[in-house]
Structures are given as structure tokens and as C-alpha cells.
Amino acid sequence: MKKWDAIVVGGGHNGLACAAYLAKAGKDVLVLERRHVLGGAAVSEELYPGFTFSVCSYVVSLLRPWIIQDLELPKFGLEILPLEASFSPYPDGRALCRWSDPELTRREIAAFSKKDAEVYPEFGKAMSRLARWAKPVIDAPAPRPASLNPRELKGLLDFGQRFRDLEAVDQEGLAKLMTKSAVDLLDEWFESDQLKAPMAVSGIIGTFLGVRSPGTAYVLLHHYMGEIDGAFRAWGFAKGGTGMVSDSIADAARHHGATIRTEADVDRVLVERGEATGVVLSDGEEISAKAVVSGLDPHATFLKLVGPDHLDDDFLTRIRRFKMRGSSGKVNLAVDRLPEFSSRPGDGPHLRGDIAIAPSIEYLERAYDDAKYGDFSRRPYLNVVIPSLVDPSVAPPGKHVISCFVQYAPYSIKEGPEHWPERREAFGDAVVDTLAEYCPGLKESILFRQVLTPWDLEQDFGLTEGNIFHGELSLEQLAFQRPAAGFAHYKTPIPRLWMCGSGTHPGGGIMGAPGALAAKAMLQGSLLGRSL
Ligand SMILES: Cc1cc2nc3c(=O)[nH]c(=O)nc-3n(C[C@H](O)[C@H](O)[C@H](O)COP(=O)(O)OP(=O)(O)OC[C@H]3O[C@@H](n4cnc5c(N)ncnc54)[C@H](O)[C@@H]3O)c2cc1C
């Protein structure tokens, strides 16, 4: 039987990035993806004739520039089209749009608060300084605070030195970011609710927390990290849909010799004499390899593919405690005309960015209240994009795709998660009703609708509890604790079994960094993991 150098379980963009780096280093790599299409949560699919949807993730911001360069992704079809604006309509008929042009933004904010208009650029600069400071953390393996290895100690010293080098005001800012809620942080800077609410939502995306929950300020920083390489314009759509990120990485991997199979559902990892030796597919096929690397989340990897028998109780407890608890859903629409916002009618550039339905802090807190007590938000926070305006290739002429990211949709509804299918259409209705309050003709324009609940994200995409980031991005689950202390460097307690998905450092989002850093760790080898 053929023995591969490495089997990558899961053809999400991180699994593919891991495979591409391993193949580029000359390793004989096989990727096994359960679905008929590659990409996992970074996927494009034609769900309705002529309309291509970015089914799950919809904007690209954190994809690491060094990965784009190393794998020559533009050569394999990757093109990022910039987002122009952030638009927020309000129920009273007013609206606020933040543009890439600072002067235009200043004028828009001044209509709500002159003070906020003056402070806004200062806030952006402070966040960008801190994001620039924090950014090296997402481009390198997590620090090992308990290690006495001289290289690790030097890394920690450098980290401390970089903190000392920050201005006092930024040291204080960083401490606040690590501990405060998004709203508490924004309250220190701004007075108008209309500005604070659409800014605060960046702190809650993918978490089961409210905008007033401590810890959400940090997630704002994560958001700013995506914006600093090319300022505001670093946010964008992948031309052809988000799946083009994955497809271009897959083509790079193939170019370097990797083999990729779809419709290959891995049932379990083979563990013999305590080491990973291959996988068994659900149809019984056995495939051997010198190393197995899982691009699935920590729960799926250890509790399903490996199974408790091969793991000690302490490690199992830590993995079970790793919080998944999905809180988001998605509604994708095909429409026969552009939505018209009553607060700013017409086909203007304000529709070419992201649109936040987050009219006030109180609205967001009420949305969270529904979720806390086991229901989806009756009036949810929506992050809406219309990619067909920027990339006409994804819809027929004159028609459009609308993507609505929705929060909150808790995995554990009070009836039990398995009852989500009965609630799915009611959830979809709540989303469409909410958007239609701002765009009156919306309902009549809908040709097709796809509703994804956290249950669907689990069933269809393998995301445990529908968590979009393979585990919450809360501080206690980051860096050297992701997914468990002592196992934050892509290794697992089982020699020759590795991890490379978003449940590892530096976490979720379309970054590619977990996959690329995992491959580098595998190639360097290590005591526990055994080098390739
Ligand atoms: C609704 C939604 C919206 C999002 N929006 C954004 C956004 O706009 N921007 C952003 O940056 N991030 C966004 N994210 C997060 C981002 O998409 C994910 O963090 C990232 O794509 C995860 O990539 P991954 O490769 O680590 O894992 P996944 O994409 O989860 O890949 C894992 C792969 O493993 C496969 N698999 C599962 N089980 C098996 C098995 N037994 N055998 C073989 N294969 C298996 C799955 O099918 C999947 O292809 C969003 C996510 C979701 C769900």
C-alpha cells in the first residue's frame, strides 16, 4: 500500500495552505475533503442558475500577504476587489456612511456629532498603531511562556521590549483592549450611538458575547489588523467569490505536486502503537501516511476522528472545555434588482461596501438577550454585502446576490439544536423582515433564498456547534492556549498527528496562517511530532 508523506484531512483553505507548503517543500501530500467542493467555509457555489454565492465567508481581510506571495496566488486566479465603504441606515430615515476618503467620512459623522467627527481619525490611528504592534503575533507560532529554550526566552524578551517601547498611552490602550467591552472602549472616544453601534459589532462577530461583554474590545483589534496593510482598502471581495481564495491555494498545491480528493469523508485517524499512521474513510478505504494533519476543529479532530480511547483525561477535558457555541447564521439571496434603501435611495457607492444593520447599542443588546435565553434574535444584527455590484461575474446582468451575515443565531436553541430545521424558515423570515424595514421592495425582488443556521453549518460544513472560527476567539482561547495549553504549536498528544485549522494559532478568519505555520512546524519537526 502506498504510504504518503502526509495526509491532510479537510480541504478548507487552511488544510489546502498546509498541503501547498508541504508539497512546495517536496513532500508527497494527499488532501481528503468530505464535500464535493473544496474550500470549507471559504467556498463559492452556484446555488441558483447564474448566481455564484460566497456561501459562508464573504469578505477577505486577514489573508496573510506573505502567503499570497509564497504561493503566488494571483498566478492561480486570486484577485481581491476593494470595498469602498461601510454604510449604516437607521430607522428614523437617516444614514451614516464611512468611506475610504477621510474628509467624506468626517462630513458624514459630523451630521451626528461634530466631536465624534474630529475624534474618529485619532481613534483609527490609535487602533492601527496597536494592530501594527500586535500583528507579528499572527504571523508567527504562538509564544511558549513556560519554555526555557533560549530562542523562546529571547522571543519573550523581545515581546516585553516591544511592549516597553510603546508610548504610555498605547500601553494603557492595550490593557483596556484586553479587558474591556467594545462599548466601554468606544464610550471613551465617542458620544453618538449611530457611530458606536456599527463600530461595536466588530467585537462580537463569531462570539457568543454581547457588545457590553468584557473581552469584546480585543476582537475590534483583530478587525483592525486586516486593515493596516493597505489601510481601509485592504478589505475586499475575492473575484468570483470567496471560494477563489481556496481554489487558488488548491491550484498552487497541485502545481507543487499535491493530490487532492473531494467526496472523501474521513471516518477516523488510524492510531497504532500510540502513533498516527493514516486514516480510514467512511467507505472503509484505508490510507497510510508518515503524518496526518487535521484541518478540522479541535472537537471534531479529537472527539470524533481520534476518539477518547487514545487520549488522556486531562487533555480530553481541556478540549471539551474549549468553547465552540456558535452564534451566527447566514442568509444568501438572489434578487432581480438592486435593493433600494429608503434612507439613501439609488445605486450609489454606499452599496459597494458592507452594510451594517446595527442601529443602536440597545438594539444590539436586545438581539443578544434573545440569544442568551435560547432563541434567535427577532431583530438581529446584519452585516450585508452585495458582491455582484463590485464583481458582475457572480450574477446575471441587472440581477444581484445579497449576502447577510446574521447574529445572533445560537446553536443551542431552547428546543435543542436538532430542532433548528423546524425553525430555519422562521429565522430566514426574521432576517428578511429586518432588512426589508430599511429596503421596502426587497421581498418582491427575491428569486431564491438560502438560510444557514448554526445547525446547518455543523451538518453541511463540519463546523462543530456551527462555530465559524473553529472555537471562539476569546482571549483565554488564543495564542499559547489555542486549542489547549501545551498544544498550541500544531502538535497533538499523538505523535505524527498534527493540527492546521482555525482552532489553532492564530485562529479563525480567512488568514491561511494556521495552515502555513503548521506546515512549517511539521517540516522543522519536533520531539513529539516526529519530523517528516
Ligand atoms: C457563515 C460564515 C461567515 C464567515 N465570514 C467570514 C468573513 O467574511 N471573513 C473571514 O475572514 N472569515 C469569515 N468566516 C470564518 C472563516 O470562513 C473560517 O474561519 C475559515 O474559512 C476556516 O477555514 P479552515 O480551513 O480553518 O476550516 P474549514 O473551512 O472549516 O475547513 C475544514 C474542512 O474540512 C472538511 N471536513 C470536515 N469533516 C471532514 C471529514 N470527516 N473528512 C474530510 N473532510 C472533512 C470540511 O468540509 C471543510 O472543507 C466565516 C465563517 C462562516 C461559517
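Helices here are DSSP runs of H or I with at least four residues, strands are runs of E with at least two, and both are numbered from the N terminus. With 11 C-beta neighbours inside 10 Å, A426 counts as exposed; the cut-offs are 20 or more other C-beta atoms within 10 Å of a residue's own for buried, 12 or fewer for exposed, and partly exposed in between, with C-beta atoms placed from the backbone. Between the C-alpha atoms of A426 and L157, which are 269 residues apart along the chain, the separation is 54 Å.

Residue numbers start from 1 along each chain as its sequence is written. Because the model is predicted, local features need pLDDT of at least 70 and side-chain atom pairs count only at pLDDT 80 or more, while totals for chains, interfaces and linings use all residues.

**Domains and their contact**

- Domain 1 covers 3-42 + 62-79 + 241-323 + 472-524, and domain 2 covers 120-234; such bounds come from an automatic or database domain assignment.
- The C-alpha centres of domain 1 and domain 2 are 27 Å apart.
- Where they touch, domain 1 supplies 19 residues and domain 2 supplies 19 residues, with contact meaning C-beta atoms, placed from the backbone, within 7 Å.
- On the domain 1 side, helix α18 (residues 513-524) gives the most, with three residues.
- That side of domain 1 is made up of twelve nonpolar, four polar and three charged residues. In these classes, Ala, Val, Leu, Ile, Met, Phe, Trp, Tyr, Cys and Pro are nonpolar, Asp, Glu, Lys and Arg are charged, and the others, Gly among them, are polar.

**Around the ligand**

- The ligand has 39 residues around it, of which G10, G12, G40, S57 and G462 come nearest; a residue is included if its C-beta atom, placed from the backbone, lies within 6 Å of the molecule.
- Two or more residues of this shell come from each of α1 (13-24), β14 (328-335) and α17 (454-461).
- Helix α1 has the largest share, three residues.
- By class, the shell holds 17 nonpolar, 17 polar and five charged residues.

**The seven-stranded sheet**

- An open sheet of seven strands runs in the order β7-β6-β15-β16-β17-β14-β18, with mixed pairing; strands pair if DSSP finds at least two bridges between them.
- The edges are held by β7 (95-99) and β18 (446-452), each with a single partner strand, so one side of each has no neighbour in the sheet.
- On average, neighbouring strands of this sheet are turned by 20° against each other, direction ignored.
- Strands β14 and β17 (residues 400-407) run antiparallel and are joined by eight bridges; G329 stands opposite V406 in β17.
- Helix α8 (residues 193-200) packs on the sheet and touches β6 (85-89), β7 and β15 (354-357), with its direction at about 120° to that of β6. Axes are lines fitted to C-alpha atoms, for helices over the stretch in contact, and angles run from 0 to 180 degrees between N-to-C directions.

**An enclosed helix**

- Helix α11 (residues 298-306) is largely enclosed by the rest of the structure, because seven of its nine residues are buried.
- The buried residues of α11 are P298, H299, A300, T301, F302, L305 and V306.
- Their cover includes β1 (3-9), β11 (266-272), β13 (286-294), α12 (313-321) and β19 (497-499).
- Just after α11, G307 has a positive phi of about 90°.

**Backbone details to look at**

- A cis peptide bond, with omega near 0°, links R482 to P483; P483 sits in the loop between α17 and β19.
- Another cis bond, with omega near 0°, leads from H505 to P506, and P506 lies in the loop between β19 and α18.
- E72 is not a glycine, yet its phi is positive at about 50°. E72 is found in the loop between α2 (65-70) and β5 (80-82) and is partly exposed, with 13 other C-beta atoms within 10 Å.
- R273, a residue other than glycine, has a positive phi near 45°. R273 belongs to the loop between β11 and β12 (275-281) and counts as exposed, with 6 C-beta neighbours inside 10 Å.

Terms used:
Two residues are in contact if their C-beta atoms, placed from the backbone, lie within 7 Å.
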